[in-house]
Amino acid sequence: MPEELGAFELATAHTAAVIAATPDALWDRTWPGLKTMREQLVHIALVRESICRQLTGEPTTGLGARFEAPGWQGGTPDLAAAFAAHGDRCRGLLARLDGTALDLPFTTPFGNRS
């Protein structure tokens, strides 16, 4: 596992804190031209998990269906639990890396070069 996952853990902790502080009524509130907070959260988690899978050579096909599960559709406690499980899956994937994989560029399934 890479010695330092500090950025991952910091981002995870910050996102978990935002989830915990968000009232249920705000998750699906709409603003003109913007995604809902739920849509943003699901997008963030999907991209993070997709990148972790990409780095470890795991397939990303069908990954989006995981984020349509009931936990991602519920209120703040459900979203907090779903995000925590997502973080655990990502940690498990990152633990398989030896560090050298992080030095290699890759292209995501969406065409973004990282």
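How far is the sulfur of Cys90 from the closest cysteine sulfur, and in which residue does that closest sulfur lie?

Author: The sulfur of Cys90 is 3.7 Å from the closest cysteine sulfur, which belongs to Cys52, and this is too far for a bond. A disulfide is a pair of cysteine sulfur atoms within 2.5 Å, and the structure holds 0 disulfides. This is a predicted model, in which local features need pLDDT of at least 70 and side-chain atom pairs count only at pLDDT 80 or more, while totals for chains, interfaces and linings use all residues. Residues are numbered from 1 along each chain as its sequence is written, and side-chain values use heavy atoms, with hydrogens and water left out.

Cys90 has a relative accessible area of 0%, and Cys52 has 5%.

Helices are the next topic; they are DSSP runs of H or I with at least four residues, numbered from the N terminus. Helix H2 spans residues 37-56 and includes Arg38. At 9% relative accessibility, Arg38 is buried as well. A polar atom of the Arg38 side chain lies 3.3 Å from the backbone oxygen of Gln73. Contact means heavy atoms within 4.5 Å; beyond its neighbours within four places in sequence, Arg38 has contacts that include Trp27, Asp28, Gln73 and Trp72.

Rings of Phe, Tyr and Trp (its six-membered ring) pair if their centres lie within 6.5 Å; planes under 30 degrees apart count as stacked, over 60 as edge-to-face and the rest as tilted. The count is 1 aromatic pair. Phe67 and Trp72 form this tilted pair, with 5.1 Å from centre to centre and 55° between the planes. Phe67 is buried at 2% relative accessible area, and Trp72 is buried at 3%.

The buried residues of H1 are Phe8, Thr12, Thr15 and Ile19. Seen down the axis of H1, these residues fall within an arc of 70° and so line one face of the helix; the arc is that of the directions from the helix axis to the C-beta atoms. On the other side of H1, Ala7, Ala20 and Ala21 are exposed. The cover over the buried residues of H1 includes H2 and helix H4 (76-94).

Notes
Helix = DSSP H or I, 4+ residues; strand = E, 2+ residues; numbered from the N terminus. Buried < 20%, exposed > 50% of the residue type's maximum accessible area, 1.4 Å probe, protein only. Polar contact = N/O pair within 3.5 Å; in protein donor to acceptor, adjacent residues only side chain to side chain.
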